[in-house]
Amino acid sequence: MSTTTASAEAADEELQWLADGRRIAAIEAISVGAMARRLPALVVRAFRLGWRIDRASVALLLTCQAVSAVLGAAGLFATTGTISALFGPGPVGDRLADAAPSILVIAAAAGVRSLLGITIQAVTVHLSPRISRAAEAAVLRATVAAELTAYDHAGYNDELEAADRGAEVCVDIVGEAQNLLASLASLLGAAGVLTVLHPALLPLLVLAALPRGIASVHAARVHFLANQAASGDRRIMAKLRWYIHLKRNADQVRSDTMGEFLLAKYDQVGLRLDARSRRAAVQGARVSVVGAAVSGLGTALVWAAMLWLVSTGRMSLPRGGAAVFALAAVGTSLRGIVGYGADLFRTGMYLDAWSSFLDTAGGHRPARGTGTPEAPRRITVEDLGYTYPASDRKALDGVSLHVERGEILALVGENGSGKTTIAKLLAGLYLPDSGAVRWDGRDTRDLDPHALWRQVAVVPQDYARWPMTCRENITLGQPTAEGDAAVLRAADASGAADVVAKLRRGLATLLAVEWMGGEELSGGQWQRLAIARAFHREAGLLVLDEPTAALDPRAEHRIFKNLRAVARERAVVLVTHRLTNVAVADRIVVLEDGKVLQEGTFAELVADEGGRFRELWDLQNERTGIPAQRTRSVPVHEEQRTDR
Ligand SMILES: Nc1ncnc2c1ncn2[C@@H]1O[C@H](COP(=O)(O)OP(=O)(O)OP(=O)(O)O)[C@@H](O)[C@H]1O
């Protein structure tokens, strides 16, 4: 069977969210009892979160809640008094007069309670978004602090998403804790009244309500687990939406007539999601029906018991009437406790994900040394090995090289040979699996990452286009003592000065998409800015990864003409496929499959007829018709190198 046929028969891989298995297993292992036991801690946690943001609001909420609970119980007691008075002996006028004080208490309690309710709601609405915002900021802080390699771990992205969701649902936690407390308070009040009316009623009612309560919590657990299981598909759908919406893809969605195809993919994941939620709905309903049936029987028993108590004279008729109210109140409170408890539990699970992410930055908080490096004089790479976490192939294997201040080192090789990976290891963005990267003899593992990165300027292949002013896009929020003079110098060296000159307000112009109020730049103009920001940075290592891919020939020429001057104070690592440009380098390292294949000067490598560099060089020049022997005089950069 041919390979083509075999692959045609094999099912294509489907998009799936790779979650952290341990986290899901831990969630599945939680029992209903454990869920219930966690509730008090969750209530405390909700108020603690609020306490950190606004103590006065939390104190007010708790006070309102307590007063409301007392008034609730008082109202219920007054109801009992009213019914007893109304159903008691004597003329109607006397009975009404007897009931009047209780009716006043009921009315006053209801009025004050509704005012308290409004206050509670207003304070909660004011407090909750602030809690959520603080929680989101904490996630952002933890994300920025995590190692870059975290993004290559499936579990990290899962934890990050869950933490983000946790920060989002923080908005609900105070409200849910409130509701739970309120239900609990009314339950206590109503239970007290019921006990006074007849001691047997409360245990009977609890027995009747218990199966429904347990079933509701079970159903909530089923929904929660289903929700967790479906969260991966929901995230994939959100990512698909993002890909479809993205401005960068929008022209291709149209010109490639991909709309229907993408929507079909979206629907496909949606159908998978529907099937899951259907199963959960059926399972949850089944549990609830059993619980409701058992509870229904129990409630019938309670009513039968009450009738028996009244008919046998063990409880007076007025007390029986009051018990009806109290029973209804207890039932509502129990349902509230179960419902709000389940909500709070679900929110608590997301909050767990949030706080565990903050504790460990998703398990990727840097564990490096505390050394503070100066601008490096020499960076050495010794027998470097690196494998990406999601891969089973070594991206780098036994690489050794060095670069010195004042020197330009070029990394060359075919796609996937490991150039970008080396650049990231040199810049301390990744740490080696084996071997070492040393800055002036100090292992990057022993250096404080933030201090190290302050000495690094990188122009990556895919550079950021920050929705900020042009000035901020160059200074990155870190202006030097020289201020705009340094910004303009960097802009001049990178060709960004021409871009700045055309902007409506020069450096002060906001660069963002139009609908965010900014001026949009072309790809090449953005790349000039990306280079300007690297030139502006007072860093000892400059890494340029395909820095001129989008530049016109004049702009590209200017960059490489200025590079030698830029390199005077820095070690420069240049990654590029345009071999004409690497003539500016002092040394060139040719990579293949993560290993060093050749090393030498431009002249040496071009002269090496059987070598890979010469092969690539010839291939690149084949289309231009430039003969190999003439090429040594082509690049201006080589003259600069030898003139140095
Ligand atoms: N995040 C990642 N996770 C897993 N593997 C990766 C990741 N990034 C790169 N790789 C793999 O590591 C190898 C080296 O990649 P690298 O980006 O360093 O190559 P490169 O030489 O810079 O390629 P190019 O010329 O295309 O930019 C490739 O085989 C690639 O598939």
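## Annotated spans, helix packing and ligand shell

Residues 58–87 are 100% helix and 0% strand, and their end C-alpha atoms lie 43 Å apart. Helices here are DSSP runs of H or I with at least four residues, strands are runs of E with at least two, and both are numbered from the N terminus. This is a predicted model, in which local features need pLDDT of at least 70 and side-chain atom pairs count only at pLDDT 80 or more, while totals for chains, interfaces and linings use all residues. Residues are numbered from 1 along each chain as its sequence is written.

**Annotated spans**

The span 58–87 is one of those listed by UniProt, in an unreviewed entry, as "transmembrane region"; the others are 99–123, 287–310 and 322–342. UniProt positions follow the numbering used here, feature names are shortened, and annotations may be inferred rather than shown by experiment. Over residues 322–342 the chain is 100% helix and 0% strand, with 30 Å between the end C-alpha atoms. Residues 59–346 are 92% helix and 0% strand, and their end C-alpha atoms are 25 Å apart. Residues 379–618 have 33% helix and 27% strand, with end C-alpha atoms 31 Å apart.

**Packing against helix H10**

Helix H10 covers residues 317–360.

| Helix packed with H10 | Angle | Axis distance |
|---|---|---|
| H6 (residues 154–197) | about 160° | 5 Å |
| H7 (residues 201–245) | about 25° | 10 Å |

With its angle of about 160°, H6 is therefore roughly antiparallel to H10. H7, at about 25°, is therefore roughly parallel to H10. Angles under 35 degrees count as roughly parallel, over 145 as roughly antiparallel, 65 to 115 as roughly perpendicular and the rest as oblique.

H6 and H10 cross in a left-handed way, whereas the crossing of H7 and H10 is right-handed. A crossing is left-handed if the near helix is turned anticlockwise from the far one by less than a right angle, and right-handed if clockwise.

The contact of H6 with H10 has 31 nonpolar, eight polar and six charged residues. Ala, Val, Leu, Ile, Met, Phe, Trp, Tyr, Cys and Pro count as nonpolar, Asp, Glu, Lys and Arg as charged, and the others, Gly among them, as polar. On the H7 side of its contact with H10 are residues including Leu201, Gly213 and Phe224, and on the H10 side residues including Ala323, Leu334 and Met349. Two residues are in contact if their C-beta atoms, placed from the backbone, lie within 7 Å. That contact of H7 with H10 has 14 nonpolar, four polar and one charged residues.

Helix H9 (residues 259–311) also meets H10: their axes come within 10 Å and cross at roughly 165°. H9 is therefore roughly antiparallel to H10. Val302, Met306 and Val310 of H9 make the contact with Leu317, Gly320, Ala323 and Leu327 of H10. By class, this contact has six nonpolar, one polar and no charged residues. H9 passes H10 in a right-handed crossing.

**Ligand shell**

There are 13 residues around the ligand, and Tyr388, Ala395, Asn415, Thr420 and Thr421 come nearest. A residue is near a molecule if its C-beta atom, placed from the backbone, lies within 6 Å of it. Helix H11 (residues 419–426) gives the most to this shell, with three residues. The shell has three nonpolar, eight polar and two charged residues.

Note on methods:
Axes fitted to C-alpha atoms, helices over the stretch in contact; angles between N-to-C directions.
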